[in-house]
Every structure is written in structure tokens, then in C-alpha cells.
Amino acid sequence: MNFEPLKNTRIIDTALGKEVDKIPVWIMRQAGRYLPEFRELRSRFDFFTMCQTPQLAMEVTLMPIKRFDLDAAIIFSDILVIPQALGMDVELVSGRGMVFPQPLKSPMDIDKLLYPVDVKEKLNYVFEAITLTRHNLKGEVPLLGFSGAPWTLMCFMVEGETSSTKSKAKAWLYKYPEESKKLLDLLTDVIIDYLVGQIEAGAQMIQVFETLAEYLNKSLFDVYCYNYIKKISKCVRTKLKEKNIPEVPMVIFAKGAHYALKELSEAGYEVVSIDWTINPEEARKLMNSNITVQGNLDPCALYASSDTLREITKNMVQNFGKTRYIANLGHGIYPDMNPDNVKIFIDTVHSF
Ligand code: CP3
């Protein structure tokens, strides 16, 4: 595919435990509604049309790169493209968030999913967007790919709508343990092919979002989360070897899974991303020392005054230590945040 050589390797090097000149930084949801240029484009196109149109996805991916001194781009897409590929309708409804008009109501609905699915065909638009974006990045910074993790996707598919308890999806784990595993297994297989496809298309690092791990406890996590995220890292690497494609670093973000940080650091990922509710020093103590840690500014710190934001960011970096560290927020940025503060955050990290 003849991509230009990568000029900024900070984030990749840090993931692999190498020394770098400056701490690398990127921001979860860095291409989104807090940017006026995103809102302008979004006013003309439906969200999933933007995801499905490589030219638009590429333009959005580059928006934050043009504005800020970021060390990575992340492909503009969504974790819910997998349920869509499995035949489920997903709509972004203003004021209600992501809505599945026909969620999985009982385990019998699993058989209605279009599975097995030809990921190459159904999600080819993501792969095309990745390749196009790699060309347009011209090697400035690496391009990250991503996927939702099985439990988080299952949660959306069963809940069908925003819920504060996730009690419908959790009820499955208690009432239908075997059927839940069947669904999680199926999702795991799709995710593996999807990530391999992204890497094949040009993604240079991968993040797996288990955003809803915070609704589990250690025993549920062990059965319904851990095995699957371990299988993902292992099988992605095996499949890449079979296809003679070089491996890329992998990041796991299991939001709220403080009860399992040690296990997460042994799950076959180079980087563990931590949310903003845990102290970095504590988190490092709980994890294997050969892991790179990513995180974890409270996104709401971006509402602070410039001076306070600089102070909080400095404290955070000192608390993490400068080696094996990728700076980020502890979760995605919100739509009402000020892009100027994003610049302050990034520049403060780089000033070390
Ligand atoms: O810049 C980036 O980080 C890349 C793009 C990206 C999006 N979603 C774009 C998006 C990424 C990495 C995601 C991941 C994602 N999507 C997650 C995991 C990470 C997290 O933040 O927890 C989850 C849970 C989703 C599902 C999702 N997508 C929901 C629940 C919503 C609606 C709620 C909301 O924030 O409005 C989305 C919509 C979405 N995904 C937007 C963007 C830019 C907003 C779209 C819009 O309204 O214009």
C-alpha cells in the first residue's frame, strides 16, 4: 500500500517500552462534537453516513490532528458498527443517544443475528477509511484502530437504549449463562477478524474498549470478560502471523475494572488504559511492571481554568512517571468542552 514512513513514533515506542523524547498524548473521542468543524460537517450528514463514507471519516479523523500537537490519530468510526454488521439496526437519536429499535430480547434472538458474517465485506468501509486516512496522514502520526469488547457490545445489543443499571444485560449473565457465553463467543470471533482487517488496512496500534466493565465485579469479569479479551489479543496476533503481517501494539481500556488491574496487565496487551477514578501510582503497583499505562485525566478537569488545568496535568504526569506512559483522559471528552483547553492539556504534557 506504500504508506509514507512514520515520522512520530513516540506512542508506538512507548507502548513497546522504549525511551522517547517527549511523553506521547492523544485524547479519547478527539474527533467529535467539541470541535466546531466537526459540528459543521455533522449538520450536513447523518452520524453513520459519516462512518460509512471513507472520505468523510478520513476528514474527521484529521480534524484534531490539524489543530493540535497530538501523537496519534484514531480512525473516526464507532464500536456499534459490529452489531450493525450482524444485522441489527442502530440509530443515533438526538436526546436519547444510541438506540436499537429491536434489541436482543431473549437468547432466541441470537439466532436472528447474521452470523457467520463476512467482516471483509460488511465492514470494508472501515478498512477503506483506514487506508485512505493512512495515506492522507503522510506519516505525521500513527493511526489507531479500535473495537468494542464483547461484554460492552453485548450490553448495548441487549439493553437497546441508555440505561443506568445495565440490568437487562446483567440479567442475562445470571439467568442465561450459557447463552450469554454463546453471544460473547460470537462477538469475540467477529472482533478478532475486524481488528486483523484494520491492521491489514493500515492501523498501527489498536485499542479495545471494554467501557462497561464498571458494571461487573471480579467474578462476573472472570467469566464474562477476561477470557474474551485474552482470546482477542492472542488470536489477533496468531492470525497476523499466519498472514505475514507485522504485529502492532494493543491497548485494553476496561473502564472501572480496578478489581482486575493485575489480570488486565497479563491479558496480552502492551498497554493498559486506566480511567480517572484510580490513582496512577496505585494502579502501577497493582499491575505488572512490564506494562505501559495510559490515562487518566478526569475529563472534567478540562472545565478548569488554564492554570488549574496545567497544575492538575503536571501532577498527573508526575504521579505516572515519565517512562512507559501515554497521556490521555480517563474517558472520552465531552461535547461542551473548550478546544483551547485541549491544547493546554497537550502542550503541558509535552513540556516535560
Ligand atoms: O475520536 C475518537 O475517539 C474516534 C471515534 C469514536 C467514536 N466513538 C465517535 C463517536 C470512538 C473511539 C467511539 C467509541 C465508542 N462509541 C464507545 C467506547 C468509548 C467510550 O467513550 O466509552 C462507546 C461506548 C460508543 C457508543 C456510542 N457512540 C454512544 C453511546 C454514542 C452516543 C452518545 C453520545 O456520546 O452522544 C456514540 C456517538 C458517537 N460516537 C459520537 C462520536 C463523535 C457523537 C456523534 C454525534 O452526536 O454527532
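Ala, Val, Leu, Ile, Met, Phe, Trp, Tyr, Cys and Pro are classed as nonpolar, Asp, Glu, Lys and Arg as charged, and the others, Gly among them, as polar. By these classes, the shell around the ligand holds eleven nonpolar, six polar and four charged residues. A residue is near a molecule or strand if its C-beta atom, placed from the backbone, lies within 6 Å of it. Of the 21 residues around the ligand, A31, G32, F209, T211 and G332 come nearest.

The model is predicted: local features need pLDDT of at least 70, side-chain atom pairs count only at pLDDT 80 or more, and totals for chains, interfaces and linings use all residues. Residues are numbered from 1 along each chain as its sequence is written. Helices (H or I, at least four residues) and strands (E, at least two) are DSSP runs, numbered from the N terminus.

Y334 lies in the loop between strand 9 (325-329) and helix 15 (339-350). Burial follows a C-beta count: a residue is buried if 20 or more other C-beta atoms lie within 10 Å of its own, exposed if 12 or fewer, and partly exposed in between, with C-beta atoms placed from the backbone. Y334 counts as partly exposed because it has 15 C-beta neighbours inside 10 Å. Two residues are in contact if their C-beta atoms, placed from the backbone, lie within 7 Å. Leaving out residues up to four places away in sequence, Y334 touches Y34 and P299. Y334 and V349 are 15 residues apart in sequence, and their C-alpha atoms are 20 Å apart in space.

V272 sits in strand 7 (residues 271-273). V272 has 25 C-beta neighbours inside 10 Å and therefore counts as buried. Its contacts, not counting residues up to four places away in sequence, are I252, L264, S265, M287, I291 and V293. From V272 to Q207 the separation is 65 residues in sequence and 9.5 Å in space, C-alpha to C-alpha.

Helix 8 (residues 150-159) and helix 9 (residues 167-175) have axes that come within 8 Å and cross at roughly 110°. Helix 8 is therefore roughly perpendicular to helix 9. Axes are lines fitted to C-alpha atoms, for helices over the stretch in contact, and angles run from 0 to 180 degrees between N-to-C directions. Angles under 35 degrees count as roughly parallel, over 145 as roughly antiparallel, 65 to 115 as roughly perpendicular and the rest as oblique. On the helix 8 side, M154, C155, V158 and E159 meet K168, A169 and W172 of helix 9. By class, this contact of helix 8 with helix 9 has five nonpolar, no polar and two charged residues.

K166 is found in the loop between helix 8 and helix 9. K166 is not a glycine, yet its phi is positive, about 55°. With 21 C-beta neighbours inside 10 Å, K166 counts as buried. K138 also has a positive phi, near 50°, in a residue other than glycine. K138 belongs to the loop between helix 7 (124-137) and strand 4 (143-148). K138 counts as exposed, since 12 C-beta neighbours lie inside 10 Å. Most residues other than glycine have a negative phi, and most peptide bonds are trans.

Two cis peptide bonds are described next. The bond from Y115 to P116 is cis, with omega near 0°. P116 is in the loop between strand 3 (97-99) and helix 6 (119-122). The bond from G295 to N296 is cis, with omega near -15°. N296 has its place in strand 8 (residues 292-297).
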